[in-house]
Amino acid sequence: MPTTTARQGHPSVRQGCPGAASQVRTGAHQPVREPQPSGPGLAGLTAQERDVLYALGCGLPDAEIADALSLPERAVAGQLGRVLVKLGLPDRTAAIVHAFDCGLVVPGQGPRRRSAPAVTGRVRTGPGGGGGSGAAADARLRVCVLGPLRARLGGRPVDVGPVRQQAVLAALALSPGRSVSRQALLDGVWGMESPGANVVPVYVYRLRKGLRLGECPDSVIGRDRYGYRLVRDAVEVDVTCMEDLVGAAEAAERAGDGAEAVRLYGRALELFRGEPLAGLPGPLAELERLRLIERRVALAYRKAHWQLRLGRVADALAGLSALALEQPLNEPVAALLMRALHHAGRRAEALAVFDRTARRLAEDLGVAPGEPLRRARWSILRGDEAGRGRAGAA
């Protein structure tokens, strides 16, 4: 594989690249123009996906790519996953080779990883319209709803007020890129206990005041004729980051890279900090809480599925055992746990999982075990060695 050592330019410095306002500089702090790729192998990639592919080809790890492009590190994995899918590449190594083959990266003209000066990311436009500093680029609001609602501004916790006000912020955070009408906020946060339409502007005003970036009160929450919305470039939401990671994991699955899928599913699961939206009132929070819990269970299941396919049985058993305790009526989880135990040679324990789950289904729901559980039990009873070899195939 060619070795890249010295290119200080970056695609994000191209004129016309949306939001790109800074350049990676040489040791003499002089901007260097990026050589243009000569091949057709970039068709279909967005400008940001080309940026990520270029930085990857130059040998930068995810953390440095995120810094260079002013992206959350978690979003880099999502961008790379889309690059792999669009270009039909199996893994990161193939992407690096492709960056050279298509002329995007030229040997001897890439950024130095350690000898070059620190990379300066894109400078975000400040509230007044001028360029900001690197510190300003870090001053975005970060909203976390995959647990009790938390907000951080410039890396510091921010008090977002009483629970109804928190619920308004959560409703906006759960509608990325979309405006939420005043009536939708009333229905979602207060339900049948609506105190009147005028309460929404009051809560939004308080949020704007407490979460402002610089001197502009509207820099975090915007308004149009459809309602209110979080300003995309000013706010990062953990749910969006989680979905970016899931998209990259699914791309890795399609490419047959199980190890990468496990890693990415693990990173997505790490964003959950307990019960989503814990303690927040209103119909919207309740529905989203249930949806996000189901999402977490599904991701844990997919991670265990691939761990089993990779032969990482102990890791899969640890995750599945905890998940089965949390979800005692979840038949697919119980069936996968049975297969994992069977794969580990623990036949009696696998059958005990069936008995325990069948009993809970009868007592709590009045139903018999479904097809996934019955099929797993039958495979174990007949000593299906092929089934043990395909323990992850659920």
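The paragraphs below take up the salt bridges and then the cavities.

The model is predicted, so that local features need pLDDT of at least 70 and side-chain atom pairs count only at pLDDT 80 or more, while totals for chains, interfaces and linings use all residues. Residues are numbered from 1 along each chain as its sequence is written, and side-chain values use heavy atoms, with hydrogens and water left out.

Helices (H or I, at least four residues) and strands (E, at least two) are here DSSP runs, numbered from the N terminus. Glu236 counts as buried at 8% relative accessibility, whereas Arg142, at 29%, counts as partly exposed; buried means under 20% relative accessible area, exposed over 50%, and partly exposed in between, with a 1.4 Å probe and protein chains only.

Glu253 and Arg302 also meet through their side chains in a salt bridge, at 2.8 Å from N to O. This pair links distant parts of the chain, with Glu253 in helix α9 (residues 238–254) and Arg302 in helix α11 (residues 283–309), 49 residues apart. Glu253 is buried, with a relative accessible area of 17%, while Arg302 is partly exposed at 26%. Salt bridges that share partners also join Glu49, Arg82 and Lys86 into one network.

Asp224 forms a further salt bridge with Arg229, where the closest N and O atoms are 3.4 Å apart. Asp224 counts as partly exposed at 29% relative accessibility, and Arg229 counts as partly exposed at 29% relative accessibility.

Rolling a probe the size of a water molecule over the atoms shows where empty space is left. A cavity is a set of points, on a 1 Å grid over the protein atoms alone, where a 1.4 Å probe fits but cannot get out, and its lining residues have an atom within 4 Å of a point. Grid points are joined across faces, edges and corners, and a volume is the space filled by probe spheres set on the points. By this rule there are two cavities of 30 Å³ or more.

The largest cavity holds about 90 Å³ of space. Its lining comprises 14 residues, of which Leu80, Gly81, Leu84, Glu260 and Leu264 lie nearest the centre. The elements giving two or more residues to this lining are α3 (73–87), α9 and α10 (258–270), and α3 supplies the largest share, four residues. By residue class, the lining divides into eight nonpolar, one polar and five charged, where Ala, Val, Leu, Ile, Met, Phe, Trp, Tyr, Cys and Pro count as nonpolar, Asp, Glu, Lys and Arg as charged, and the others, Gly among them, as polar.

About 50 Å³ of space lies in the second largest cavity, whose lining residues include Ala167, Leu174, Gly188 and Pro281. Two or more residues of this lining come from each of α6 (163–173), α7 (182–189) and α11, and the largest share, three residues, is that of α6. The lining of the second largest cavity divides into nine nonpolar, one polar and no charged residues.

Notes: Salt bridge = Lys/Arg side-chain N within 4 Å of Asp/Glu carboxyl O. 1 Å grid on protein atoms, 1.4 Å probe; cavity = no way out; pocket = protein on both sides within 12 Å on 5 of 7 lines; lining within 4 Å.
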